[in-house]
Amino acid sequence: VEAVEAVIRVEPARLAIGLANAWACCPPEAGDIPVKDLKNAPKATFFWPEVVGEAYTALAARGKAFRGVVYWEAAADGVVPPGRTEPLYFARECNKFLHTSTTGTRARVH
């Protein structure tokens with residue numbers, strides 16, 4: 001299959017940013033993983049919700065805020081990230097700047 005290069009334009013208000021949550025957080029340094037195990041290492045980039053919030057706030061100030069955040073592995077919300085001691089509630093933290101849920105509501109996990 002040949003790769004095709006294309007430009008796709010999406011209005012920021014229609015764009016949801018796809019992110020990885022706690023399962024992708026805090027992987028060991030590449031040198032700490034034996035080469036034979038690299039194929040099993042997480043292959044996702046992790047951003048702390050606070051950093052995503054800073055980006056959202058900066059874009060919103062310029063009238064270019066994205067619509068929201070989506071993430072996979074919803075069942076991992078509230079999991080303690082590797083190397084940490086506290087659970088990460090990705091949805092709750094992102095709601096602090098997105099304001100998409102009201103207190104007492106819960107997301108459905110399918």
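Analyst: The chain exposes about 8,600 Å², of which carbon and sulfur atoms supply 55%, with accessible areas taken from the Shrake-Rupley method with a 1.4 Å probe, where for residues only the protein chains shown count as cover. This is a predicted model, in which local features need pLDDT of at least 70 and side-chain atom pairs count only at pLDDT 80 or more, while totals for chains, interfaces and linings use all residues. Residues are numbered from 1 along each chain as its sequence is written, and side-chain values use heavy atoms, with hydrogens and water left out.

User: How much of the chain is buried, and what pattern does the chain follow?

Analyst: Buried residues make up 23% of the 110 residues, where buried means under 20% relative accessible area, exposed over 50% and partly exposed in between (1.4 Å probe, protein chains only). The pattern along the sequence is β-α-β-α, with two helices and two strands; these are DSSP runs numbered from the N terminus (helices H or I, at least four residues; strands E, at least two).

User: Take helix 2, then: which of its residues are buried?

Analyst: In helix 2, the buried residues are Phe90, Glu93, Cys94, Asn95, Phe97 and Leu98, and they pack against strand 1 (16-20), helix 1 (49-61) and strand 2 (68-72).

User: Why does Glu93 count as buried, and what is Glu93 in contact with?

Analyst: Glu93 counts as buried because its relative accessibility is 16%. Leaving aside neighbours within four places in sequence, Glu93 is in contact with Pro49 and Glu50, contact meaning heavy atoms within 4.5 Å.

User: And what happens just after helix 2?

Analyst: There His99 takes a positive phi of about 55°.

User: Switching to aromatics, how many pairs are there?

Analyst: Searching the whole structure gives four aromatic pairs, and one of them, Tyr56 with Phe97, is tilted at 5.4 Å centre to centre and 45° between the planes. Because Tyr56 lies in helix 1 and Phe97 in helix 2, this pair ties together parts that are 41 residues apart in sequence. Rings of Phe, Tyr and Trp (its six-membered ring) pair if their centres lie within 6.5 Å, and planes under 30 degrees apart count as stacked, over 60 as edge-to-face and the rest as tilted.
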